[in-house]
Amino acid sequence: MTILVLGAQGQLGHALARIGRHRVLALGRSVADLSDPAGCARLLEDLARSRPLSGVINAAAWTAVDAAEDHEAQAHVVNAEAPGALARVAAARGLPFVQPSTDYVFDGRGSRPFAPGDAPAPLNAYGRSKLAGEAAVRAAGGVHAVLRCSWVISARGRNFVTAMLAAAARAEVRVVADQVGGPTPADDLARACLSVVDQLSDMPEKSGTYHYAGAPDVSWAGLAREVFRQANLSVAVHEIASADWPTPAPRPRNSRLDCLRTEQILGLPRPDWRAGLSSILDQMAPLARPGQARAGKDRA
């Protein structure tokens with residue numbers, strides 16, 4: 001049985017295709033463009049009729065957080081209307097539907113980790129669009145899991161790790177220190193999504209909202225230091241406040257997610273992001289220039 005994945009070119013979609021291998025049919029934007037919800041729904045309907053599917057993972061999303069401030073309508077189509085349209089087809093076909101979501105559905109107040117049942121209060125357009133997508137998936141009425149994650153990192157695309165390595169030519173970097181969360185390696189998130197599909201297929205009563213984020217929680221500045229330490233790069237990290245790095249879209253200060261329910265019901269503990277970071281750097285090593293290989297590793 002095949003698991004359909006949308007968003008093949010993204011961090012999570014790419015990880016799902018690589019880790020899932022023969023289990024996964026991963027479609028990119030050229031085939032499944034979420035800016036056309038009706039077209040995506042027809043595509044899923046056609047695929048479900050033509051081949052046996054065991055579930056759907058919607059790894060595609062509008063992820064340009066700042067751009068969503070000026071293009072909220074477009075972000076809403078991609079992050080809310082399209083997941084709803086896909087989830088309705090999945091419900092009609094009896095297919096488990098997994099919708100990754102985000103810590104940005106919360107306002108980031110306080111320091112206590114947010115639990116799945118806590119009231120959402122997004123600070124920005126991106127968070128509002130993802131929250132609407134969660135509601136649309138639930139309203140479809142099928143077997144589903146909304147899987148909120150935070151700070152996804154990988155060896156490809158635009159994410160904090162690749163940004164820090166690109167900045168490593170400088171002797172020092174300024175990094176926000178008053179935002180705290182759990183970095184989530186895309187490979188670990190992919191394995192979690194695949195496990196959730198399998199569990200929902202056997203136990204549909206596990207449908208619901210879950211949190212999945214790497215451990216331990218850390219600030220962006222702390223994550224930057226670990227990136228440079230593991231990459232054996234001498235770059236000084238200067239801590240700054242969010243106010244010193246203004247962005248069009250406000251970010252939550254507290255992105256901590258309470259993942260206890262996920263471990264108790266789905267048997268998925270929080271992954272150690274430091275081990276995931278090591279794997280990410282190993283994946284990137286073949287692209288490193290001479291002299292940038294990681295300490296203790298032979299890259300010749």
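Which backbone oxygen lies 3.0 Å from a polar atom of the side chain of Asn-159? The backbone oxygen of Arg-156 does; a polar contact here is a pair of N or O atoms within 3.5 Å, where within protein one must be able to donate a hydrogen and the other to accept it, and residues adjacent in sequence count only if both atoms are side-chain atoms.

A quick word on the ground rules. This is a predicted model, where local features need pLDDT of at least 70, side-chain atom pairs count only at pLDDT 80 or more, and totals for chains, interfaces and linings use all residues. Residues are numbered from 1 along each chain as its sequence is written, and side-chain values use heavy atoms, with hydrogens and water left out.

Back to Asn-159: it's in the loop between strand E6 (152-153) and helix H5 (160-166). Helices (H or I, at least four residues) and strands (E, at least two) are DSSP runs, numbered from the N terminus. Asn-159 is buried, with a relative accessible area of 8%; buried means under 20%, exposed over 50%, partly exposed in between (1.4 Å probe, protein chains only). Leaving out residues up to four places away in sequence, Asn-159 touches Gln-11, Val-152, Ile-153 and Ser-154, with contact meaning heavy atoms within 4.5 Å.

Now the sheet. Six strands make an open sheet in the order E2-E1-E3-E4-E5-E10, with parallel pairing; two strands pair if DSSP finds at least two bridges between them. Strands E2 (24-27) and E10 (208-211) are the edges, each pairing on one side only.

| Strand pair | Bridges | Residues standing opposite |
|---|---|---|
| E1 (residues 2-6) and E3 | five | Ile-3 and Gly-55 |
| E4 and E5 (residues 144-149) | six | Pro-100 and Leu-147 |

From E4 the chain crosses through helix H4 (residues 125-139) to E5, a right-handed β-α-β crossover: with the strands pointing away from the viewer, the path from the first strand over the helix to the second runs clockwise.

Strand E4 (residues 97-102) has six of its six residues buried, so it is largely enclosed by the rest of the structure. In a regular strand the side chains alternate between the two faces of the sheet. Both faces of E4 are covered, with Phe-97, Gln-99 and Ser-101 buried on one side and Val-98, Pro-100 and Thr-102 buried on the other.
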